[in-house]
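Me: I'd like to learn how to read a structure file with you, one feature at a time. Shall we begin?

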Amino acid sequence: MKKFSVVVAGGGSTFTPGIVLMLLANQHRFPLRSLKFYDNDGARQETIAEACKVILKEQAPDIEFSYTTDPQEAFTDVDFVMAHIRVGKYPMREQDEKIPLRHGVLGQETCGPGGIAYGMRSIGGVLELVDFMEKYSPNAWMLNYSNPAAIVAEATRRLRPNAKILNICDMPIGIESRMAQIAGLKDRKEMRVRYYGLNHFGWWTSIEDKDGNDLMPKIREHVAKFGYVPPSDEHGTEASWNDTFSKAKDVWALDPTTFPNTYLKYYLFPDYVVEHSNPEHTRANEVMEHREKHVFGSCNAIIQAGKSSAGELEIDEHASYIVDLAAAIAFNTQERMLLIVPNNGAINNFDPEAMVEIPCLVGKSGPEPLVVGNIPQFQKGLMSQQVAVEKLVVEAWEEGSYVKLWQAITLSKTVPSASVAKAILDDLIEANKDYWPELK
Ligand SMILES: NC(=O)c1ccc[n+]([C@@H]2O[C@H](COP(=O)([O-])OP(=O)(O)OC[C@H]3O[C@@H](n4cnc5c(N)ncnc54)[C@H](O)[C@@H]3O)[C@@H](O)[C@H]2O)c1
Ligand SMILES: O=P(O)(O)OC[C@H]1O[C@H](O[C@H]2[C@H](O)[C@@H](O)[C@@H](O)O[C@@H]2CO)[C@H](O)[C@@H](O)[C@@H]1O
Ligand SMILES: [Mn+2]
């Protein structure tokens, strides 16, 4: 079986160890000859990388492992780039969340003004990775899950139209795992779904088991009462995520014929979200206090002891979708997956130039999107507004246009008026002066 060379871009990510453990658990179907980490923060990456070096030495000494901040070294001789960078890291996520809240608007990593601010930082970072890949390994594929994936995907569609980049998200996978549990199945892969929307903005329209039996009624009965909180919580879900999974019951009620992505709560119930937010302590603070501390604490313990049992790093089971995607390209499996791709007619009554999240068959030449057909007025209206926001952000970044970014924030369903949008924008510009292009 052919072996592959992978570079993880954003080697210092809190998700890197979980993904490495997941890659190791999947060597039977996606074998590696080389694994490299690349990051522009050498010190942050070193802690994660030195711990992963210990794990790799124990579990897979044959895989050549290295880490670097040098793009040429990182991107030379690779088959796949797995990209999960966060430009500005958690301190800037904290700003994205807290600045809108100061103006009474929700603060969220990928939605509303916070997501727009993050998008304005991510576009340049991800385009740079694409350019490194094309320069040093022109035949490689980039599997990107750097957020905000919707804006990043629109930027690459528009500014690097020929790039071999696939944008993907794990939120549908997380929700489908819960649906499978609700339906009494062992694995989400026992379900066959139809879904459409934008990233963090979509709906399931059909869920069947492998024999074609409709699972929607059983799941509906549960979601109407409990949202996506399953009968027993084997996930050990954090309180703030649990609120989101529970709130899905109210989001669902707006169209009981479908099931919604949890992120729609930010667009459909923004007043509720603001009321339930603490402007002094947001999700970024929770992540810094828990996940970041836990991952870096475990890595340091592993490095000191020289053995992986000294830490408590966990395999990221959800991340196996990344192996599914890599294996689909590498071995032409034609696996059916939800990807963020140009609409190009798949949703018949929607902008052909929108980046939509829909089922695709994936093989060695990339994704083949499946036809969705016509979508209803409610979803079409919401999606049209949100796509316009995402396109305006990319145009604002490309042209350095203050007015287009003001328009984008004004158009977000999470923002009440142009005056509030302007006040938020002016604060965001100040906070992002080291990251955004200058706006005129
Ligand atoms: N698509 C999805 O569904 C999904 C799921 C989980 C996480 N994510 C995304 O994964 C990313 C990582 O998340 P995290 O919480 O682990 O963040 P993190 O801050 O722990 O890690 C991000 C890493 O990226 C590095 N980085 C920043 N800019 C860079 C650049 N220009 N070049 C190279 N490296 C750069 C940082 O130094 C940091 O080490 C985020 O974008 C997050 O939103 C996406
Ligand atoms: O607030 P965070 O940093 O914990 O999470 C933000 C990310 O949330 C989604 O990914 C979740 C996933 O849905 C969940 O099931 C589990 O696997 O954790 C993931 C990361 O926490 C979302 O899809 C990402 O885009 C967000 O970055
Ligand atoms: Mn996502």
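Me: Which ligand has an oxygen atom 2.7 Å from a backbone N or O atom of Ile85?

Reply: That is ligand 1. A polar contact is a pair of N or O atoms within 3.5 Å; within protein, one atom must be able to donate a hydrogen and the other to accept it, and residues adjacent in sequence count only if both atoms are side-chain atoms. Ile168 also brings a backbone N or O atom, 3.3 Å from a nitrogen atom of ligand 1, while a polar side-chain atom of Arg291 sits 3.2 Å from an oxygen atom of the ligand. Of the 870 Å² that ligand 1 exposes when taken alone, the protein buries 95% (Shrake-Rupley areas, 1.4 Å probe; for residues, only the protein chains shown count as cover).

Me: What should I keep in mind about the model and its numbering?

Reply: This is a predicted model, where local features need pLDDT of at least 70 and side-chain atom pairs count only at pLDDT 80 or more, while totals for chains, interfaces and linings use all residues. Residues are numbered from 1 along each chain as its sequence is written, chains are lettered from A and ligands numbered from 1 in the order in which they are written, and side-chain values use heavy atoms, with hydrogens and water left out.

Me: Which residues coordinate the manganese ion?

Reply: Donors are N, O and S atoms within 2.8 Å of the metal (3.2 Å for Na, K and Ca), and sites may look incomplete because water is not among the atoms. Here Cys169 (SG) and His200 (NE2) coordinate the manganese ion, ligand 3, at 2.2 to 2.3 Å. Cys169 lies in the loop between strand 6 and helix 7, and His200 in the loop between strand 7 and strand 8, so the pair ties together parts 31 residues apart in sequence. Helices (H or I, at least four residues) and strands (E, at least two) are DSSP runs, numbered from the N terminus.

Me: Is Cys169 buried or exposed?

Reply: Buried means under 20% relative accessible area, exposed over 50%, and partly exposed in between (1.4 Å probe, protein chains only). Cys169 is buried at 10%, and His200 is buried at 5%.

Me: How many bridges join strand 7 to strand 8?

Reply: Strands of a sheet pair through backbone hydrogen bonds, either parallel or antiparallel. Two strands count as paired if DSSP finds at least two bridges between them. Strand 7 and strand 8 run antiparallel and share 8 bridges. They belong to an open sheet of 3 strands in the order 7-8-9, with strand 7 and strand 9 as its edges.
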